[in-house]
Amino acid sequence: MAHFYLNEALQTAVVGGTVELTGAEAKHAVTVSRMRVGEQLSIGSGTGLVVNGEITEADAARLALRVETVTELAPPTPRLLLAQALAKGDRDELAVQAATELGIDAVLPWAAQRSISRWEGQKLAKGRERWASIVREATKQSMRAWLPEVTELHSTKQLAARPERLIVLDPTGEIALTELFRDGGGPDERDLLLVVGPEGGIAPAELDLLRAGGASVVRLGEHVLRTSTAGPAAVAVLSAMLGRW
């Protein structure tokens, strides 16, 4: 089984040098994954740098790696972002986790009109921290070189004003997602922002506002998917359409 950990302080590395894990990452590697001296491990910076090598020291406070390979990956273009509406239960969190594993480049929490869950007061910071933790663990699980950002909570008005190309998932969409880039409508230089509503769907007034901001409203197919499923499904489709897969 491959083992991958993150050290966001890692900026450079050279073959033959040493890279460290400390704190919670070292403790998890040694006490949970039971990594030992002589075993292979990969460490990423979360900003495109990944090193692989042999463990030379391993205890709960510090793990040291002798670097054998250094890989630097540029961020994908165009970037693919997910605006995920807050949803009841853990359905929004499931969507964020799966979308991260599938390759989303940033996550925008969205306070939609029909969102039952609300981030207010102390929940605002805690909610974002929770999503950031989910994204970080999903990045490690999928061994991604780039760690997606979790932005501040967005309103519908803020989403409509974003500079990216907006792609809104809705069963009433005029075209299928797979038809989006046909007839000369291929991706331009802008990043793509996929917008997914809550369990109750996107309110008509919100759809109007997003359309006014230039959004394309698309459907995935004949079936209506849960908010926990729709985003990841669309990320998979778009990744294939963009040649990322």
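**View A. Helix α2 meets helix α6.** On the α2 side, Arg-91, Leu-94, Ala-95, Ala-98, Ala-99 and Leu-102 touch Thr-227, Ser-228, Pro-232, Val-235 and Ser-239 of α6, where contact means heavy atoms within 4.5 Å. By class, this contact of α2 with α6 comprises seven nonpolar residues, three polar and one charged; Ala, Val, Leu, Ile, Met, Phe, Trp, Tyr, Cys and Pro count as nonpolar, Asp, Glu, Lys and Arg as charged, and the others, Gly among them, as polar. The model you are looking at is predicted, so to speak for it, local features need pLDDT of at least 70 and side-chain atom pairs pLDDT 80 or more, while totals for chains, interfaces and linings use all residues. Residues are numbered from 1 along each chain as its sequence is written, and side-chain values use heavy atoms, with hydrogens and water left out.

**View B. The geometry of the α2 and α6 pair.** Helix α2 (residues 91–102) packs against α6 at an angle of about 15°, and their axes are 7 Å apart. Because of that angle, α2 is roughly parallel to α6, a label for angles under 35 degrees, with over 145 roughly antiparallel, 65 to 115 roughly perpendicular and the rest oblique. The axes are lines fitted to C-alpha atoms, for helices over the stretch in contact, and angles run from 0 to 180 degrees between N-to-C directions. Helices here are DSSP runs of H or I with at least four residues, and strands are runs of E with at least two, numbered from the N terminus.

View C. Ser-239 sits in helix α6 (residues 227–241). With a relative accessibility of 1%, Ser-239 counts as buried; buried means under 20% relative accessible area, exposed over 50%, and partly exposed in between (1.4 Å probe, protein chains only). Apart from neighbours within four places in sequence, Ser-239 contacts Leu-80, Leu-102, Arg-244 and Trp-245.

**View D. Helix α2 meets helix α3.** Here the packing angle is about 35° for α2 and α3, and their axes are 8 Å apart. The crossing of α2 and α3 is right-handed. From α2 come Asp-92, Glu-93, Val-96, Gln-97, Thr-100 and Glu-101, and from α3 come Arg-130, Trp-131, Ile-134, Val-135, Ala-138, Thr-139 and Gln-141. The contact of α2 with α3 has five nonpolar, four polar and four charged residues.

View E. Arg-144 belongs to the loop between α3 (122–141) and β8 (149–150), and its relative accessible area of 12% makes Arg-144 buried. Not counting residues up to four places away in sequence, Arg-144 touches Phe-4, Thr-100, Gly-103, Ile-104, Asp-105 and Thr-139. The Arg-144 side chain comes to 2.8 Å from the backbone oxygen of Thr-100, and a polar atom of that side chain is 2.8 Å from the backbone oxygen of Ile-104.

View F. Met-143, in the loop between α3 and β8, has a positive phi near 55° without being a glycine. Arg-34, also not a glycine, has a positive phi of about 60° and is exposed, at 55% relative accessible area. The peptide bond from Thr-77 to Pro-78 is cis, with omega near -5°.

Methods: Polar contact = N/O pair within 3.5 Å; in protein donor to acceptor, adjacent residues only side chain to side chain. Left-handed = near helix turned anticlockwise from the far one by under 90°.
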